[in-house]
Amino acid sequence: MAVNLMINGKATEVDADPQTPLLWVLRDHLGMTGTKFGCGIAQCGACTVHIDGVATRSCQFPLEAAEGVKITTIEGLSADSSHPLQKLWVEFNVPQCGYCQTGMLMAAAALLDEIPNPTDADIDQYVSNICRCGTYTRVRAAIHKAADMMKA
Amino acid sequence: MKILRIIGIIIVVGIVLFVGLAFLLNQRPSSPFDEVAAITAPQYPVEEASYVARLADCVACHSLPGEAPFSGGLPMGSPLGVMYATNITPDKATGIGNYTLADFDNAVRRGVAKDGHRLYPSMPYPSYSKMTDEDIKKLYDYFMFAVEPVAKPNQETGIPFPLNMRWPLAFWNAAFAPTKVYENKPEQSAEWNRGAYLVQGAGHCGSCHTERGLAIQEVALDDSGDAYLSGALLDGWHASNLRGNQATGLGRWSEDDIVQLLKTGRNKHATVFGTMLEAFNNSTQFMTDEDLKSIAVYLKSLPPHGADPQWTYDDATKVAFAGNDMTAPGASLYITQCSNCHGRDGLGRGALQPPLAGNPTVIGHNAESIINILLNGAGRMVVDGVPDSYRMTPFRVLLRDDQIAEIATFIRSSWGNDAPAVTAAEVAKLREDTDPTSDHVIILNMR
């Protein structure tokens, strides 16, 4: 079934089974491999994208529900890696192995859009992504710094 | 002296009558097939024969995962003790290979084995008794000629003496198990009657969806009772209300919605899970569109049971989330653990992620299914041989009892839902009952 998607501001047509999880549409049908597969059951958050601005786990998001919504992936977070979080991720050396970090960044970016000055509790609540390397403290520090920068 | 003698006579006469009645009731019942000569070759095309076995869903109970179909062994709990489904492959020594059509008929429709012992009513013969002679002949065909014989001895029940004696079951049968084939109601359409036949008979929907009385009998075996299919507890799940209740039953479902659920496992209202998963994986998805439509027509004709409060969507929860208002207990946990799939609006995602807003199972009075699925997740749905990608995850390791209770209470009172709160104690109980290492883990009862 052909479905019209709006991904990173670009209209894109995909021909796939409407039950296909959005994650596999992105990775296998469109070759956008920045979004990662982690657990496949919406627990870990490696596959996080934005659906109408809300951080959403794409492995459990069916293609049939993706028509008519705005999808943003890590490839669309900024044109040239210039999002404050992306810069701070480098500055703070946030990633270790890096596998979960595209999802982590997407969750953090959605949080800052919703709550410009988040508390630690807000971060725990909205960035429930799991990191095998345990980069949580650096993730948290970078989010706080980004909030300061974006306020200024 | 005289009084004692009279009492003595009454006791003796009573015993004689009782023994006589027990003897009479334990006679081999008569079958319309008693005079039929031994059948040595299939009488029907195998597709027709196997279709009846699909309708009756024999495989769900008479098989163990990973073992030969119909070779038995599945443990079923009962208040008396554990019993095991039997080998119904045509093996002559350990299965039903020596059964004549009449023997088979007596087992399926009257609950009496070839050797005369009474079956426990975990075998749904009170429902199967409504099946037509022709369907029984097809079913016999299927088991004799299409099923591979497997030599596997039956397991003894774990029911202790004297409760393991089978003859008293004849009294149970006399009271609770009618032996009458379904009769069409002339005032109803052919479609309705076909649906009633399937639901009450082979489909044995009431085995799970109708509550049971003190003697573990279904309180109603057809639509003449208003509790029929109004939902019941079993195995740590609450089989949902299939009557016309607007909020908690099928009141808001169209006939097509019912067909879609039974055919694909999902629709915009709900997803199959729990023990219904077995019925879907093994039975309903194989039914013809016409039969599913008939079932839908029949179910939609059942009026609401008891009080019928109305559900309407309330977007207050969605608005609160948009304003980052997390004051409602459970709201924060919902955002972190649940909203990724079920959405902040509680509406799920199309037919693949079920809504929580207005979901009959979520707003039903009994929260057993909600607690169970939060703790243990859903089993794997298999459609057309393909395991499916969308599945509720278990939270028993990730969340504490009080957290699961908070989430359950939150979803039962948001988006217009209005169902009683869930306590941590209820979660703790079901957690233990469904812990495979517990000494009293729930094992399958009747389905």
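Modeller: We can start with a pair in chain B: B:Lys293 and B:Glu255 form a salt bridge, with 3.6 Å between the closest N and O atoms, where a salt bridge is a side-chain nitrogen of Lys or Arg within 4 Å of a carboxyl oxygen of Asp or Glu. This is a predicted model, in which local features need pLDDT of at least 70 and side-chain atom pairs count only at pLDDT 80 or more, while totals for chains, interfaces and linings use all residues. Residues are numbered from 1 along each chain as its sequence is written, chains are lettered from A and ligands numbered from 1 in the order in which they are written, and side-chain values use heavy atoms, with hydrogens and water left out.

Colleague: How many residues apart in sequence are the parts that B:Lys293 and B:Glu255 tie together?

Modeller: B:Lys293 belongs to helix H12 (residues 289–300) of chain B, whereas B:Glu255 belongs to helix H10 (residues 255–264) of chain B; helices here are DSSP runs (H or I, at least four residues), as strands are (E, at least two), numbered from the N terminus. Because the two partners sit in these two helices, the pair ties together parts whose separation in sequence is 38 residues.

Colleague: What separates A:Lys151 and A:Asp148 along helix H5 of chain A?

Modeller: The side chains of A:Lys151 and A:Asp148 meet in a salt bridge at 3.9 Å, N to O. A:Lys151 counts as exposed at 57% relative accessibility, while A:Asp148 is partly exposed at 43%. Because they are 3 residues apart in helix H5 (residues 136–151), the separation of A:Lys151 and A:Asp148 is about one helical turn.

Colleague: Which residue of chain B meets A:Glu114 in a salt bridge?

Modeller: In the interface, 19 residues of chain B are in contact (heavy atoms within 4.5 Å) with 26 residues of chain A. The count between chain B and chain A is 1 salt bridge. At 2.8 Å, N to O, the side chain of A:Glu114 meets that of B:Arg344.

Colleague: Which residue has its backbone nitrogen 3.0 Å from a polar atom of the side chain of B:Thr89?

Modeller: B:Thr89 is found in the loop between strand E2 (83–84) and helix H4 (101–110) of chain B, and B:Thr89 is buried, with a relative accessible area of 0%. Its side chain makes a polar contact with the side chain of B:Asn87 at 2.8 Å, a polar contact being a pair of N or O atoms within 3.5 Å where, within protein, one must be able to donate a hydrogen and the other to accept it, and residues adjacent in sequence count only if both atoms are side-chain atoms. The backbone nitrogen at 3.0 Å from the B:Thr89 side chain belongs to B:Val150.

Terms used. Buried means under 20% relative accessible area, exposed over 50%, partly exposed in between (1.4 Å probe, protein chains only).
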